[in-house]
Amino acid sequence: MKKLLKSMEKFYKVAIIIADLVIINLSYIVAFLIKFSGSLPEYNFVSYVRAIPFITIAALIYFDAFGMLKFYRRTAYETVSSILVMVFMLGVTTTSITYFLQGFSFPRSVLIMSPMLQAIFLSTWKVFLLKMRSKLLDVRNAMIIGDISSNCVSIEKIKAVAGADNVRVKYIFDPHEEDE
């Protein structure tokens with residue numbers, strides 16, 4: 001599994017970017033559905049459809065500017081805080097885009113609701129990806145202090161719990177201990 005993921009790393013990154021952009025746009029649709037009780041009125045929705053390419057490009061720029069394209073090097077807290085700032089900036093940009101495109105039929109409540117939905121959906125998605133990546137790919141280091149022969153059971157327990165492929169065990173032992 002580990003080798004398969006590493007070989008498909010570029011596809012993995014592109015797939016995540018596409019999923020992020022889909023989440024951004026789906027949050028607007030969900031906001032419309034919430035606002036209009038499950039229906040998408042054509043008059044209001046057309047403004048969003050005209051703005052989709054610009055919102056998507058802005059989102060991609062903000063993903064890069066806020067380091068969300070390489071989010072896996074961050075902690076969950078850093079990722080969520082970056083998402084919150086990015087979503088706020090995207091909300092301001094989306095408002096500007098809709099007014100620039102003369103989309104005055106774009107409901108303000110959707111403009112307010114969608115960044116909140118984006119923050120929830122993107123944070124959940126990114127933290128899930130962080131946890132999965134950590135579980136599948138991260139190598140964990142363990143240090144055993146003492147002589148190797150008496151710690152064999154400990155070493156096996158560590159490898160069993162963390163996964164044998166994901167653990168690098170280092171040993172520290174006193175070479176003079178056997179002489180005494």
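Okay, so a quick definition to start: a helix here is a DSSP run of at least four residues, and helices are numbered from the N terminus. With that in hand, I can tell you that Ala-51 is found in helix 3. One thing to keep in mind throughout is that this is a predicted model.

Let's step back and look at the whole chain. There are six helices and two strands, and if you read along the sequence, the order goes α-α-α-α-α-β-α-β. The chain has 180 residues, and 34% of them count as buried. Now take the contacts with a separation of 6 or more: 75% of those come from residues 24 or more positions apart.

Back to Ala-51. Is Ala-51 buried or exposed? Buried, because its relative accessibility is 0%, and the cut-off for buried is under 20%. Setting aside neighbours within four places in sequence, Ala-51 is in contact with Ile-97, Thr-98 and Leu-101. Have a look at Leu-101 in particular: Ala-51 and Leu-101 sit 50 residues apart in sequence, yet they are 7.4 Å apart in space, C-alpha to C-alpha.

Next up, how helix 3 meets helix 4. Two packed helices are described by the angle between their axes and the distance between the axes. For helix 3 and helix 4, the angle is about 150 degrees and the axes are 10 Å apart. So helix 3 is roughly antiparallel to helix 4, since angles over 145 degrees count that way. The crossing is right-handed.

Who is touching whom? On the helix 3 side we have Ala-51 again, along with others including Phe-54, Tyr-62 and Phe-63, and on the helix 4 side the residues include Met-86, Leu-90 and Ile-97. Sorted by class, the contact of helix 3 with helix 4 has eleven nonpolar, three polar and no charged residues.

In soluble globular proteins, nonpolar side chains tend to be buried together. Here the largest nonpolar core has 32 residues, and the ones touching the most other members are Ile-24, Phe-63 and Leu-122. Helix 2, helix 3, helix 4 and helix 5 each give two or more residues to this core. Not counting residues up to four places away in sequence, Phe-63 touches Asp-20, Leu-21, Ile-24, Met-68, Leu-69, Met-86 and Leu-122.

Last stop, Thr-79, which is in helix 4, residues 76-100. Thr-79 counts as buried because its relative accessibility is 0%. Beyond its neighbours within four places in sequence, Thr-79 is in contact with Met-68, Phe-71, Arg-74, Lys-126 and Leu-130.

That's it from me, thanks!

Terms used
Residues numbered from 1 in each chain as written. Predicted model: local features only at pLDDT ≥ 70, side-chain atom pairs only at ≥ 80, totals over all residues. Heavy atoms only, no water. Buried < 20%, exposed > 50% of the residue type's maximum accessible area, 1.4 Å probe, protein only. Contact = heavy atoms within 4.5 Å. Core = buried A, V, L, I, M, F, W, Y, C linked by side-chain atoms within 4.5 Å. Axes fitted to C-alpha atoms, helices over the stretch in contact; angles between N-to-C directions. Parallel < 35°, antiparallel > 145°, perpendicular 65-115°, else oblique. Left-handed = near helix turned anticlockwise from the far one by under 90°. Nonpolar A, V, L, I, M, F, W, Y, C, P; charged D, E, K, R; others polar.
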